[in-house]
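Please read the following numbered points beside the sequence and the model.

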Amino acid sequence: MNLGLTRIEELLRRLGNPHGHLAIIHIGGTNGKGSTTAMIASILKTAGYKTGMFSSPHLHSYTERFLINGEPIAERALAKLIERAKPHLENMVAEGFEHPTEFEVSTALALLYFAEEKTDYVVLEVGLGGAIDSTNVVTPLISVITNISLDHMDYLGNTVEEIAQVKAGIIKPGVPVVTAAKGTALQIIRETAVTKGSRLIEVTRDVTWSVLDKDVKTGCQQFVIDGLQNKYHVSLPLLGKHQQSNAATAVAAVEMLFHGSGHHLPAAAIVEGLRIVHWPGRLEWVEGSPLVVIDGAHNYAGAKALKQALSEYFTGRGMIFVLGMLADKERAKVVAELAPLGRAVVVTRSNNPRAGDWTELATYLREYLSDVQCIENVGEAIEAAVAMARPDEVVCITGSLYMIAEARQALGLSLR
């Protein structure tokens, strides 16, 4: 991969620079950026604004990457956009430019789609990194960096500090930035914000929250967010302590978006937008005996958040894991977090070229557990895990989001 913005900038120029007509909220970070993107989009839609949302990867259909008010682009409409872009791509190559990457093309198509549909706001999720990501051609109204940890080290750097420098690349001169980052990553974001003359809003310092009810049998968690302007009594259907931080980040972002804008954002829209947000595959519960939990904890930070949630919600209950990870993730570190919680694990393969030697995961797991099976087909792996689980135990399906998509299909779950 030859990193840089030259290709996407040239493609957008040929398409008429559609991003110049959009009001954008730009979301980066290592974990939680998808959930935070979904929360912000849900709040804006609830407030009555026509809201575009671009995120990746998708779960079941490529069209899920391009949403307006929660609805995916029609397949025919996406095909027409691709047809319009194709001559520009061919001409670029003929004129000596490198062919844009698949993600660069999809970013350009999203910006063109949202501009032509005259969206009021666009919530744009970073794909990889920040400074070098194709979405970084935009100048947003607000920049958001959820958190920073080790991931995509082949491209972004080998330390949190190096990765933070790249992620902070979405901060634009004079554009406010909201972050929930901590430690050295936060310090780098602070320094970047000062250099760029950007106001910095820090979650846990400027925006806080307190938990009201830890009982999540209703499928929601209850807490109060003390925002920049108001207090919000939140009922959030996305579970896990990490989602409380994501919700506080989303609230800070929309408060800053409307601060001094002359437009009104009712507090009720924030509360309702969070209550109805939908983001499948993140601590998603499938009721039954045994209970099945699906979570796309695809890296070490995600595994730590999942471990915390499982320990909090299912104390004392046995756990059977179905685990499938891509080869470029920190498999050993993820296993060290999750394996001690389990009684048995079924290793499976994600339908992705980056799956590599998927059975290698079993080698790491056998350092902690004796009952480790390898079943390549995801549906069959789930059947095996459910069959070995006792009625009071929990089957947790986790790892690559690509594998999570296959698991949801095998369980008959719909996107909406």
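1. Ser-134 touches Leu-5, Ile-8, Phe-103, Glu-104 and Thr-107, leaving aside residues up to four places away in sequence, where contact means heavy atoms within 4.5 Å. This is a predicted model, in which local features need pLDDT of at least 70 and side-chain atom pairs count only at pLDDT 80 or more, while totals for chains, interfaces and linings use all residues. Residues are numbered from 1 along each chain as its sequence is written, and side-chain values use heavy atoms, with hydrogens and water left out.

2. Ser-134 sits in the loop between strand 5 and strand 6 (142–145); strands (E, at least two residues) and helices (H or I, at least four) are DSSP runs, numbered from the N terminus. With 5% relative accessibility, Ser-134 counts as buried, a term for under 20% relative accessible area, against over 50% for exposed and partly exposed in between (1.4 Å probe, protein chains only). The side chains of Ser-134 and Thr-107 are joined by a polar contact of 2.9 Å (a pair of N or O atoms within 3.5 Å; within protein, one must be able to donate a hydrogen and the other to accept it, and residues adjacent in sequence count only if both atoms are side-chain atoms).

3. Thr-30 belongs to the loop between strand 1 (24–28) and helix 2 (33–46), and at 5% relative accessibility Thr-30 counts as buried.

4. How many aromatic pairs are there? The count comes to 10 aromatic pairs, taking rings of Phe, Tyr and Trp (its six-membered ring) as paired if their centres lie within 6.5 Å, with planes under 30 degrees apart called stacked, over 60 edge-to-face and the rest tilted. Phe-54 and Phe-103 have ring centres 5.8 Å apart and planes at 40 degrees, so this pair is tilted. Phe-54 in strand 2 (residues 51–54) and Phe-103 in helix 4 (residues 102–116) are 49 residues apart, and their pair links distant parts of the chain; both Phe-54 and Phe-103 are buried.

5. Tyr-121 and Phe-258 form a tilted aromatic pair, at 5.8 Å centre to centre and 55 degrees between the planes. Because Tyr-121 lies in strand 5 (residues 121–125) and Phe-258 in helix 8 (residues 241–258), the pair ties together parts that are 137 residues apart in sequence. Tyr-121 and Phe-258 are buried.

6. Phe-54, Tyr-62, Phe-66 and Phe-103 are linked by ring pairs into a cluster.
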